[in-house]
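Hello,

Here is the structure I promised to pass on. Have a look at it first, and then read on for what turned up.

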Amino acid sequence: MNNGKNKINEAFGNVDSVFIESTLSYQKRGKNRAFRIIAFVACVALALSIIPIGMIIANKKEVNTDFIETQQFTDAENERFTVGDISDLGWEVILFDGLNVQKQKTGVIGAKYVLDINYGEREIFSKCNSDADICAELLGQWIVSLFCFDYDLHFSLFPEQLLADYVYVEFAEEGMTKEQALNKITQVASDVIPLENVKIQYSIKQAYINDSSVTQEFIEKERSVFERIGMDVNKIEGVIKFTIEDAAACFDELWVYEDEYFDYGEDYIFYKYDGRWYAERHLLDDDLSIDFLKAEEENNHGYYKIYKCEGKITDITNGYICLHDNRYFRIAENEIQDFSIGDNVKIQYYNVLAYVKRISDGKRCLLYTSVSVEKQ
Amino acid sequence: MDDKLLIEMFNCRSEEAIKCLSEKYGATMYSVSYNILNKHEDAEECVNDAYVGIWNAIPPTNPDSLCAFACRVTRNISLTRYKRNNAAKRKGMAHTDFEEISEFIPDERTVSEELEAKEITETLNFWLSKLNRENLYIFMRRYWYMDSVTDIAKNTELSDAAVYLRIDRMKKSLLKFLTERGILI
């Protein structure tokens, strides 16, 4: 090994203690949990479990993968998750001024926000009458943007200087403008995410509104980053910190997100800078946006990679067909009447999956988007 | 026990300090060492050496984070042991799965002679500070703690492939970053 490489190794061994300590254990965080709704399983991981059984003619695209061994949960795994009827969640929905955002408001602390979001019609919340309201709703916007994979909405929570430094450089590497990149991201997300509708609930547990020690701590923590990206910490006019509780997400009236994926102890910080409220930079997550950006439909690559499986249909429900192993595949609305329970089918699908619990019996399920379904 | 108190015990030369350190961070130190050496006896020896190293270092050193300091000492000792084992090509040496950060730097690239490791560390700190929490965890666990991709995937609830994908992106980003800042030539 050359001396230069040794220097790099030595330097890396001496990185700041904060990075060593903070990564000692994995800290669950709402942001990442929300992202973990999907897991990208590429061919590398599955190469060992491939069972080749022949060629399938693809309806939409050429497929270069073979059949994949079925993923199945054990009874013990299923027993871990139990949930009753959706009414047990105790949701109370009050229409919010004609927007598709609904909330029951009893003051910021203790308020229940019920966000009924249609993936096709997204709104940025505007009905606010105080800074705390603005931030509580920005928190809603942040949560929604993650569950809806709406990066336009997501990035609008952060200052342009930060985005230029963290995100736009990645867009540029792909040879795209911001607009082109967001169009691509939106397209890929709508193609591969197996969900249509989500309702999200959360309550604010604690709020620190312009608390001087919270503000000071935030300013000190951000000072170097602000200076680097050309922002002035002296323009920070206020800081609000929340923790949440009673969070829940319901998808397509059929599934709920696992409760433990919401981390109630985490702080969500928003700050007012030069007259506008923004989310703290740690809430910025570009991981999936960049991965979406690299997906190539024509090359069957990244999130557009197509996989195959086969099995007997055991359930057909609200836009999904289910195989015996609790894998549900979203299917085009006009095709679903062609199939019945008991049919043997071959399915091609995008291997982007959502881990959810079925509301009716609390069983853990996997959701996918099908590309084509053929009767055998 | 609070770390400040523990450091104070080292400063007062209380032998209880090592026992308390072992109770609090011994398992973590062992896992750091085992990830590198993949051999129980060697890892235990390195952890014991690390206790002695920490005893000798505090005072005068007054670490901000005792945990990070203990892990750092353990890591350095374990890497030295690994290199010694490897150089001697002792029979029966277990296979290790770890990859040092420099291993993904192409052979034809090197570091400017004038640069001190400290300057490179500052640049690396800067790059790490830009990573989001999940990527930071993945990168540090892979290259500092030498965890296997499978373990990282398990802890982050991502697939192995997703972790590989993230690591690959971060490697490219780091190479570009080090090149732009004149570290790699």
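This is a predicted model: local features need pLDDT of at least 70, side-chain atom pairs count only at pLDDT 80 or more; totals for chains, interfaces and linings use all residues.

Among the contacts in chain B with a separation of 6 or more, 64% are between residues 24 or more positions apart.

Next, the place where the two chains meet. Chain B brings 55 residues to the contact and chain A brings 50 residues. About 4700 Å² is buried between them, with carbon and sulfur atoms giving 57% of that area. On the chain B side, B:Arg133, B:Glu157 and B:Arg169 lose the most area to chain A, and together they make up 15% of what that side buries. The count of salt bridges between the chains is one: B:Lys176 pairs with A:Glu173, and their closest N and O atoms are 3.2 Å apart. Those two residues also belong to a network of salt bridges that takes in B:Glu180 and B:Arg181.

Now to the inside. The largest nonpolar core has 82 residues, and A:Leu139, A:Phe242, A:Phe270 and A:Phe292 touch the most other members. Helix H6 of chain A (residues 131-147) gives the most to this core, with nine residues. Both domain 1 (38-81 + 297-375) and domain 2 (86-293) of chain A give residues to this core, so it lies between them. If you click on A:Phe270, you will find it in contact with residues including A:Leu138, A:Leu139, A:Phe242, A:Trp277 and A:Leu283, leaving aside its neighbours within four places in sequence.

Strand S11 of chain A (residues 327-330) is worth a look too. Which of its residues are buried on each side? A:Arg327 and A:Phe329 are buried on one side, and A:Tyr328 and A:Arg330 are buried on the other. In a regular strand, side chains alternate between the two faces of the sheet. S11(A) runs antiparallel to strand S10 of chain A (residues 320-323), to which three bridges join it, and parallel to strand S13 of chain A (residues 364-375), to which four bridges join it. A:Tyr328 is the bridge partner of A:Cys322 and stands opposite A:Leu367 in S13(A). S10(A) and S11(A) form a hairpin with three residues between them, and A:Asn326 in the turn has a positive phi of about 65 degrees.

A:Lys178 and A:Glu160 meet at 3.5 Å, N to O. A:Lys178 lies in helix H9 and A:Glu160 in helix H8 of chain A, so this pair ties together parts 18 residues apart in sequence. A:Arg281 and A:Glu222 form another, at 2.8 Å, linking the loop between strand S8 and helix H11 to helix H10 of chain A, 59 residues apart.

Best wishes

Key:
Residues are numbered from 1 along each chain as its sequence is written. Chains are lettered from A and ligands numbered from 1 in the order in which they are written. Side-chain values use heavy atoms; hydrogens and water are left out. Buried means under 20% relative accessible area, exposed over 50%, partly exposed in between (1.4 Å probe, protein chains only). Helices (H or I, at least four residues) and strands (E, at least two) are DSSP runs, numbered from the N terminus. Two strands pair if DSSP finds at least two bridges between them. A nonpolar core is a set of buried Ala, Val, Leu, Ile, Met, Phe, Trp, Tyr and Cys residues joined through side-chain atoms within 4.5 Å. Domain bounds come from an automatic or database domain assignment. Contact means heavy atoms within 4.5 Å. Buried area is the accessible area (1.4 Å probe) that two parts lose on being put together, summed over both. A salt bridge is a side-chain nitrogen of Lys or Arg within 4 Å of a carboxyl oxygen of Asp or Glu.
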